[in-house]
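Please have your viewer ready.

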Amino acid sequence: MSSKSKPLFSSSLGKKLIMSLTGLFLCMFLLIHLIGNLQLFNNDAGYAFNKYAVFMTTFPPIKVVSYLLYASVIIHAIYALVLTLKNKSARPVGYNQSAGSANSKWNSRNMGILGTVLLVFIATHMSNFWWKYHNDQVPYIEYKTDLKTGQQLEVRELTANEFTVYSVQVENGIETVQARDLYKQVDFAFQSLPLVALYVIAMAALAFHLIHGFQSAFQTVGFNHKRYIGCIRTIGVWLFGVIIPVLFALMPLYFFFKG
Amino acid sequence: MNLTLKVWRQKNDKSTGQFVTIQAKDIADDMSFLEMLDIVNDDLTRKGEDPIYFDHDCREGICGMCSLVINGRAHGPNQGTTTCQLHMRSFHDGQTIVIEPWRAAAFPVLKDLAVDRTAFDRIQHAGGYVNINTGGVPDANTIAIPKVIADEAFESATCIGCGACVAACKNASAMLFVSAKVSQFALLPQGQTERYERAQAMVDQMDAEGFGNCTNTGACEAECPVGIKLTNIARLNREYLSAKVLSQRDIHA
């Protein structure tokens with residue numbers, strides 16, 4: 001037996017380890033992203049959501065994690081492509097008859113297609129919200145809140161001239177917040193039926209991608225303990241395959257039907 | 001019963017093959033699939049044609065020589081059987097049966113339905129063995145092994161190396177085979193000496209042979225004639241990654 005072996009990341013298992021770890025990191029992100037975005041359902045003209053958006057784009061540890069996140073999306077996609085090309089070349093002559101459904105599930109065989117739908121979705125999603133927010137292409141808003149009663153006294157749209165920078169001022173127990181109105185941008189974007197349809201389709205793709213992907217990531221790192229694997233599969237199917245995609249899909253639908 | 005066979009015919013490893021339609025007449029229900037091909041070949045030989053070339057040996061499901069993708073399924077439509085254990089009662093009169101060889105870059109077609117599976121042998125040569133002094137037969141139970149471990153190692157060792165896992169996998173991945181071979185030694189005390197080098201050497205050879213990457217679809221497990229489980233693949237991942245990441249053992253030079 002040779003004691004010299006190939007480096008980890010040039011082997012098939014090393015590349016799959018990268019897929020697995022970036023995938024699990026993206027799953028973690030989804031959970032955090034969902035919890036934050038649930039504030040869209042607040043009936044407060046976007047007060048909580050817009051403050052949250054400022055926190056997420058300025059708090060330094062979150063910024064570091066966000067760069068890791070962009071890297072993960074890109075690495076996950078590139079390695080998927082590399083591995084898929086290798087897999088195609090491993091069978092240059094295909095079968096005349098293939099009975100894939102007899103021995104495996106559809107989503108496990110079509111992770112690449114589902115992933116491509118998600119990549120298109122991520123590009124659209126980021127250009128609609130991330131890009132616009134970071135490049136000052138969203139409206140501005142001012143909230144006046146009575147801190148004693150917690151009552152929202154006044155909500156006023158600001159013009160570009162009136163707004164300079166995100167600010168929170170308290171005067172006589174009245175809080176005045178000036179912020180970029182990402183909430184309004186979300187509301188505006190989700191009046192478009194094609195965009196809402198894309199989001200719902202993408203969340204269906206996400207569900208099927210993660211029903212296979214989440215438990216598959218654990219198999220790839222060799223985690224297969226009899227006692228815990230059932231729990232992992234349940235989390236994969238119910239949390240990442242049902243709850244998270246359904247709640248995300250409800251957001252565009254909520255704004256579309258709210259009008 | 002009478003059947004229409006669409007069989008892949010290919011002169012040798014250099015030529016490009018094609019499907020040829022052959023009629024199989026007067027086939028009995030209780031014949032095995034290979035016996036049916038024997039009858040067809042008898043007929044072809046009498047007519048002075050080249051018989052269909054296919055791999056077979058023991059014809060009782062233990063040698064791993066027979067192969068064939070039958071109507072898109074490795075070893076035919078039944079679970080847990082090799083092609084020699086598949087009987088014609090699984091088909092019906094007048095059915096068209098498409099018979100193809102294993103398809104993988106690492107398993108080139110030699111002739112008709114036979115493929116070159118020496119890639120598996122080379123993976124075994126890379127690490128599928130133990131270095132021990134053999135000598136006489138040791139006494140039973142000189143090395144105590146818990147029953148569950150012995151059973152699990154035995155389950156892994158039942159792999160007959162037929163290659164159905166590669167044939168069924170959409171990526172032509174050999175992970176189920178390699179994982180079974182690594183597992184049977186990793187579980188037993190006799191396999192500990194080379195445990196981590198084995199996992200690395202066999203994975204390296206598997207990659208070098210041009211097999212695809214495992215995407216955990218589970219097709220291999222579903223088509224395996226002897227029931228090798230996906231837990232073996234998780235164990236191989238564990239063995240390999242712990243060797244690489246946690247405790248790489250090299251001879252220090």
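The text below takes these topics in turn.

This is a predicted model, in which local features need pLDDT of at least 70, side-chain atom pairs count only at pLDDT 80 or more, and totals for chains, interfaces and linings use all residues. Residues are numbered from 1 along each chain as its sequence is written, chains are lettered from A and ligands numbered from 1 in the order in which they are written, and side-chain values use heavy atoms, with hydrogens and water left out.

| Pair in chain A | Angle | Axis distance |
|---|---|---|
| Helix 1 (residues 12-37) and helix 3 (residues 60-89) | about 140° | 9 Å |

That angle makes helix 1 of chain A oblique to helix 3 of chain A; angles under 35 degrees count as roughly parallel, over 145 as roughly antiparallel, 65 to 115 as roughly perpendicular and the rest as oblique.

Next comes A:Thr220, which lies in helix 8 (residues 193-220) of chain A. A:Thr220 is buried, at a relative accessible area of 6% (buried means under 20%, with a 1.4 Å probe and protein chains only). Leaving aside residues up to four places away in sequence, A:Thr220 touches residues including A:Lys16, A:Leu17, B:Asn216 and B:Leu241.

Finally, chain B is divided into domain 1 (3-110) and domain 2 (118-246).

Technical notes: Axes fitted to C-alpha atoms, helices over the stretch in contact; angles between N-to-C directions. Helix = DSSP H or I, 4+ residues; strand = E, 2+ residues; numbered from the N terminus. Buried < 20%, exposed > 50% of the residue type's maximum accessible area, 1.4 Å probe, protein only. Contact = heavy atoms within 4.5 Å. Domains from an automatic or database assignment.
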